[in-house]
Amino acid sequence: MRAVLRRFAERAERRLPALTRLRQPEPLPIELGRRRIYILPTAFGLGFGVLLLVMLVGALNYANNAALPLTCMLGSAAAASMLLAFRALDGLCLRSIRAGHAIAGEPLELVLDFAASRPREAVRLDCAGESLAFALQGSAELRLRLATTRRGWQPLPRLRLWSTWPLGLFRAWSWLHPQHSVLVWPRPESAGPPPLLPGDARERLRPQAGEELAALRDYRRGDAPRHIAWKASARHHDLLVKDFERPEPRETWHLDWHALRTLDREARIARLARWLGEAEAQGRRYSLQLPNERIDVGSGPSHYARCMSALAVLP
Amino acid sequence: MTSTATTTLDARSFDLVALGLVAVLALHAPHLPWWLSATLAPILCLRWWQRRHRRARTPVWLKLPLLAALLLAIVSWYGSLFGQAPGAALAVGLLVMKLLETESVRDARVGMSFACFTLMAALLFDQSLTATTTVALGLLPPLAALRSLEPGRRPPAAWWRELLPGLGLLAAALPLALLAFLLLPRLNSPLWGAPNTGEQRTGLSDRMTPAGFTQLLVDDSPALRVSFDGPPPPPGQRYFRAFVMSHYDGSSWTYRDVANQPPVPVEAGQTIRYHVSLEPTRQRVLPTLDVPLAAPPGANLRRDRVVIADKPVDSLRDYTLDSAIRYRLEPQLGQRSARWLQLPAGFNPRTLALGRSWRARYGNDDDAIVQAALALFHDGGFRYTLTPAPLGRDAMDDFLFDTHEGFCEHYSSAFTVLMRAAGIPARVVTGYQGGYWNAMGHYLLVRNSDAHAWGEVWLAGRGWVRVDPTAAVRPQRISLGAAAAVPGQLPWYQSGWLQSLRNHWDIVNRWWNLSVNGFDALRQRGLLKPFGIREADTSKLVLLLAIGCALCMAAGLAWVWRRREPEDAARAALRQLERKLARLGVARRPGEGPRDYLQRAAHALPAQRDRLTELMHRYLELRYARPGPTTESLRALRRAVRDFPVVRMVK
């Protein structure tokens, strides 16, 4: 049954894009207006309508002039709740979308920024199987988690804003199809060799003699507890800390697309992504050479993001 | 979406659902059997406590037996599950049972919509203004509960604030509701059976036993409302006849309804015209002031001028009558006098002996015998009370010679038996006496507690003469009404200032009865007479209703579609300036920017060139120079616009 309905809906979408407004992605901001808000009674609303009808016929049949106006009043209130459902959405504006970073296969956090001049209650947002209910006064930021599968630009799915406010009798809804894509980073391979480095670099990376204990010095705030020389400290007034020879700065990695000739395209990307992650985690400086782009040596989150994004958009 | 229906209820929603059920129970309590209300109320409270404080569900082994017990109790009490009263009891009971299994949003929705339905059903039993208003207020908790089921709302801190939006919604719905009430075509005949008449109301019955009225005399619901053309009769004359009872079987008097006999003749001295609005009695008799001259439409005048309607009075009934208040009723008794002398054999020997002894003492002077009886009641140590001692087989003997206490039924019955024993044709008449004259509304309110019984004797040359033996015992009963006759014996709400307040309040009930409850198919057809439509038939009503609904919907849509832009102060000032300039002949063209426009205006109005240039600079600076306009520059712009002169220059 459900499958049939869904197929029917898809068909209707294809045939009547103007009616269902499902097709065209629009630029932000998107403001909901009366031309794009649809209202239908819910199943509960239909049941309540039948009940109202029974009450009406009963009141008329028994010529009960006390129940008749009250039934009419309840009916008009139900009808008025349709207008309120519309008002819950009307004028609501999706101002901006901010996307976080995620590697393929992990959910990506989206921040949707809604605004409205009037306060709203009980508005709901459906997005790719996830549903949120929110109230809004002035503006509200909604956090959604979007499932990702593969690297690259991923268009946002359709969003549905809907509300059954205030009595649950009518559902007003509107489709939003923002012209907005999010970039999904490639998934690093889980294990593999370290990058191949030039010979002299390898030489210098060997552990140096003299990386032994050099001296004892006074404790400074921020020193790791395991570096404290407890025995020596016991004989002194202050804490003493073992001072090591400062290690050489870690080797700069020059990661090169062309150095991985043996692998296929996606495997190369996955390996480069892993190396980027390791380099960032070890605090190294690194550069990235891609077929059509070169990113110079650097480090830090923004450098990492730039490199990963460059990997993500590779054809 | 399907998942939201099975979400469990939060505490606030559950509270509101329980409150809705409390409203239903409270509104139905007056006509439910007391034991049912007394059982359902604790169940409701316990269940609320259980879920709120124990967060527990009700086990099935408890729910099923409770349900079975409910069904069994209703069937054994009413004899059936169908009909108005058992149906209402069943609905209320089932709703309370529903609370036992209310856990999810869907349960709450079902429960609350049926609560609305059951609330409306309460109006089948009472249609007064108070009941209607209470039911309307009773709709608020269900509406609030439905509203509280929506996720993502901002619940107010105080629970009673939840009720206010529902009030607003109902108030907004009022215009359309009134329109629909006026224009919805009424059914000429019911689609299915009228509300069942099995339910016994306390009211006058065609049988009178001593102490049978006691129920009635403490029931102070309105029985009829009467308005008179001309001044009302004085309190001592306000006797409303219902039944004329001729047959006595030793314990009760009965009225024998015989159709197809012409009413007895009456010579009317003074007549009065009046309008009665009779509350539903489920009986056919229509009470009349004294002796009616003719029957209203839909009713018949029986032999003894008792008015019997063709159908039981199941809804409010209005009728207009002419009655004689000075009259000679049945001047010639003819052949049928034996009927008015009938007495059961072997009952009340001492009473009969007393009657006969009076005849022997006073000879043919019937009047003297009547006076002797009244003197006996007045001086014989009789007491008026609503709680008399019970009487034995020879009821009248016990009353006259032993207990000496009773109320109108006892006195009228004893009096009539005495008269018949003395050979004077006599009968018992029941009806209402007295009532409260509402001076503001110019009508007489007669309550069920004003029910009364008195005697009539036939005297040669005078016809049937009313004799009220109760008046001999306690004159206040006649002059001041039932409440004054038995101080301290009536419920608290029937005495003192409260009763007087209720009497005054009754004018509202009367207005409600006349304008709302009395609005039937007939009145509806005449609804459009002021607009020149003689007969508003169904198609016209439906058309009007459709137009009205469309107008209401249009008004609603206009309200909904209206967009209020936050008004920009600088732009408002510019608009004011535009209006001023337009009056001077320089209107802003569509698509013309403020700078171009003001420069053009400065050209066109050379006298104001400096002012306009300054205004333009101020505006442009406000608009574009700074991110947020300062209040003082805004104020300066406003002031400059306000001071801009519009006096047309003389050329």
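Predicted model: local features only at pLDDT ≥ 70, side-chain atom pairs only at ≥ 80, totals over all residues.

Below are my notes, starting with chain A and moving on to chain B.

**Entry 1: a first look at chain A**

I then looked up the secondary structure of chain A and found 8 helices and 16 strands. Chain A has 315 residues, and 31% of them count as buried. I also checked how far along the sequence its contacts reach. Among contacts between residues at least 6 apart in sequence, 67% join residues at least 24 apart.

**Entry 2: a sheet in chain A**

In what order do the strands of the open sheet of 5 strands in chain A lie? I read the order as β2-β10-β9-β5-β6, with antiparallel pairing. At the edges I found β2 (38–41) and β6 (130–136) of chain A, each with a single partner strand, so one side of each has no neighbour in the sheet. Neighbouring strands of this sheet are turned against each other by 25 degrees on average, direction ignored.

I zoomed in on one pair. Strand β5 (residues 120–127) of chain A runs antiparallel to strand β9 (residues 159–163) of chain A, and 4 bridges join them.

Then I asked which strands helix α4 (residues 67–89) of chain A lies across. They are β2, β5, β9 and β10 (170–176) of chain A, and the helix runs at about 25 degrees to β10(A).

A reminder to myself: two packed helices are described by the angle between their axes and the distance between the axes.

The crossing of α6(B) past α8(B) is left-handed. On the α6(B) side, the contact is made by B:Ala108, B:Arg109, B:Met112, B:Ala115 and B:Cys116, and on the α8(B) side by B:Pro142, B:Ala145 and B:Leu146. By class, I got 7 nonpolar, no polar and 1 charged.

My next pair was helix α13 (residues 395–403) and helix α14 (residues 408–421) of chain B, which pack at about 105 degrees with their axes 10 Å apart. α13(B) and α14(B) are therefore roughly perpendicular to each other. B:Met396, B:Phe399 and B:Leu400 of α13(B) meet B:His410, B:Ser413, B:Ala414 and B:Val417 of α14(B). This contact has 5 nonpolar, 2 polar and no charged residues.

**Entry 3: a sheet in chain B**

I found an open sheet of 3 strands in chain B, ordered β1-β5-β4 with antiparallel pairing. Its edges are β1 (207–208) and β4 (247–248) of chain B, each with a single partner strand. Between β1(B) and strand β5 (residues 253–254) of chain B there are 2 bridges. B:Met208 has B:Trp253 in β5(B) as its bridge partner.

**Entry 4: where the chains touch**

How many residues of chain B are in contact with chain A? I found 50 residues of chain B in contact with 43 residues of chain A. The elements of chain B that give two or more residues to this side include α6, α8 and α9 (163–183). α9(B) gives the most, with 11 residues. Sorted by class, the side of chain B that touches chain A has 35 nonpolar, 7 polar and 8 charged residues.

Technical notes: Residues numbered from 1 in each chain as written. Chains lettered and ligands numbered in written order. Buried ≥ 20, exposed ≤ 12 C-beta atoms within 10 Å, placed from the backbone. Contact = placed C-beta atoms within 7 Å. Pairing = 2+ DSSP bridges. Axes fitted to C-alpha atoms, helices over the stretch in contact; angles between N-to-C directions. Left-handed = near helix turned anticlockwise from the far one by under 90°. Nonpolar A, V, L, I, M, F, W, Y, C, P; charged D, E, K, R; others polar. Parallel < 35°, antiparallel > 145°, perpendicular 65-115°, else oblique.
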